[in-house]
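Hello,

Here is the structure you asked about, with my notes below it. Please look through the model first and then read on.

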Amino acid sequence: MTKFRIDRRQTLLMGAAIAMPAIVPSRGRAATEALKIGVLVPTTGVHASDGIRMLKAHQLAAKMINESGGLKSLGGAKVELLVTDIQSKPEVSRAEAERLISRERVSALTGAWASATTIPAAQIADRNRTPFMITSAVNDALTEQGMKYVFRTAVKAKWFGGYIADFLDYQKSKGISVGKIALATEDGPAGQAVRSNYTSVMPGRGYPILTDETFRTGTPDFSTIATKLRTSGADGLLTCAYAEDSTVLLRALAAQGFRPLYVGFGGAHVNQTVLAAGKPSDRTFGVVEWSPDLNKPASQAFVKAFAEAHPGETPLSNQAQAFVATYALALAADAAKSTDRNAIREALTTLKITDGPAAVLPAPVLSFDEQGQSPATCVIVQAIEGKFVTVWPEAVAARPPAPVQG
């Protein structure tokens with residue numbers, strides 16, 4: 001099997017113009033036919049704010065690829081995004097994945113955001129032998145059930161407990177003691193996958209769980225749950241909640257004067273919606289797969305390009321994942337010299353991205369194992385004076401953590 005490796009000297013899609021319009025065979029397709037990628041995003045419904053943000057990153061990746069000459073091995077073929085609103089509903093995500101594959105004849109799919117809407121789309125993609133690049137969904141089963149056409153840029157849910165326990169150990173080494181934990185997680189597949197990980201990891205690392213609260217996404221009033229969390233005796237709170245629920249919960253905690261060491265989960269917590277809550281969100285932490293102040297050239301270039309495309313906006317972790325997901329599919333098609341679904345899938349299994357625009361995330365290499373899982377990793381950020389700042393690990397931190405009660 002051919003091994004495709006992308007590094008600085010071989011960066012595809014960016015830079016040199018094609019010397020002559022040579023036609024490159026594409027397994028039965030026209031050489032200049034666009035690479036059609038179906039993008040499943042919730043632009044309405046409870047996850048609309050996340051979907052709209054992610055769409056900007058998908059579009060930025062396609063724009064950068066196309067403006068730099070397109071897929072060079074395919075005679076400059078462009079990336080064409082076929083965007084569909086999945087309405088934050090699993091049944092719509094399933095139906096739209098089916099439509100994009102069977103009617104629109106896309107070469108690949110990406111997106112879907114939440115685990116609840118990603119799972120059915122991934123199943124459809126795998127059944128129809130169409131590569132599906134998951135952006136942010138963390139449910140462990142997505143890359144553990146033998147699906148051959150499903151790939152993921154995100155971290156598995158089961159890995160997060162270890163990251164947080166390491167961070168709490170670090171806090172202890174700095175004289176900040178957090179000994180007892182409370183949990184508050186949404187009742188969907190993402191929240192419950194994270195909850196299962198926390199309950200299995202944290203007690204064994206010396207952080208007993210005193211209360212474990214589950215809630216429905218879209219809960220309008222968290223006052224009862226806030227009371228249970230406050231009276232539990234916990235001094236640390238780990239949550240997994242989508243952005244709108246996070247803000248309601250934070251305000252309920254603030255109303256009761258409860259300020260634990262709060263660690264929210266992923267891009268659902270680390271985004272502008274939560275920051276907009278103001279003081280209730282200040283000094284909270286988030287465990288997340290990317291941060292805009294990450295000290296990495298590709299990451300810094302992405303932040304600059306995003307700011308130029310969307311003045312006044314700073315990209316968030318789920319946008320970095322969406323950007324990388326789109327780029328990875330294009331790089332695979334370019335490496336395979338084909339827009340054929342099976343050829344792209346094969347290229348993804350051996351693709352290794354070490355540099356260039358797709359090398360945005362913290363891991364030194366973007367690749368995919370036999371289960372389609374990337375070796376993703378995380379950082380801890382903190383909301384400080386209206387923005388999220390990387391505070392751990394120390395090697396990539398912009399500054400030390402600020403006191404929670406400060």
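Buried area, as used below, is the accessible area (1.4 Å probe) that two parts lose on being put together, summed over both. The size of an interface is often given in this way. Please keep in mind that the model is predicted.

Domain 1 gives 18 residues to the contact and domain 2 gives 20 residues.

The interface

Between them, domain 1 and domain 2 bury about 1500 Å², and carbon and sulfur atoms account for 63% of that area. One salt bridge is found across this interface. Separately listed is the salt bridge of Lys158 with Glu144, in which the closest N and O atoms are 2.9 Å apart. Four residue pairs are in polar contact between domain 1 and domain 2, with both residues at pLDDT 80 or more.

On the side of domain 1 that touches domain 2, at least two residues come from each of helix 1 (48–67), helix 3 (115–127) and helix 11 (317–336). That side of domain 1 is made up of eight nonpolar, six polar and four charged residues.

Two buried residues

Ala376 sits in the loop that runs between strand 12 (352–353) and strand 13 (379–384). Its relative accessibility is 13%, so Ala376 counts as buried, the cut-off being under 20%. Which residues is Ala376 in contact with, leaving aside its neighbours within four places in sequence? They are Thr153, Ala154, Val155, Trp159 and Tyr163. Pro362 is 14 residues from Ala376 in sequence, and their C-alpha atoms are 7.3 Å apart in space.

Glu96 belongs to helix 2 (residues 90–102). This residue also falls under the 20% cut-off, because the relative accessibility of Glu96 is 15%. The side chain of Glu96 makes a polar contact of 2.3 Å with the side chain of Thr84. Beyond the neighbours within four places in sequence, Glu96 is in contact with Leu40, Thr84, Asp85 and Ile86.

Regards

Technical notes. Residues are numbered from 1 along each chain as its sequence is written. This is a predicted model: local features need pLDDT of at least 70, side-chain atom pairs count only at pLDDT 80 or more; totals for chains, interfaces and linings use all residues. Side-chain values use heavy atoms; hydrogens and water are left out. Contact means heavy atoms within 4.5 Å. A salt bridge is a side-chain nitrogen of Lys or Arg within 4 Å of a carboxyl oxygen of Asp or Glu. A polar contact is a pair of N or O atoms within 3.5 Å; within protein, one must be able to donate a hydrogen and the other to accept it, and residues adjacent in sequence count only if both atoms are side-chain atoms. Helices (H or I, at least four residues) and strands (E, at least two) are DSSP runs, numbered from the N terminus. Ala, Val, Leu, Ile, Met, Phe, Trp, Tyr, Cys and Pro count as nonpolar, Asp, Glu, Lys and Arg as charged, and the others, Gly among them, as polar. Buried means under 20% relative accessible area, exposed over 50%, partly exposed in between (1.4 Å probe, protein chains only).
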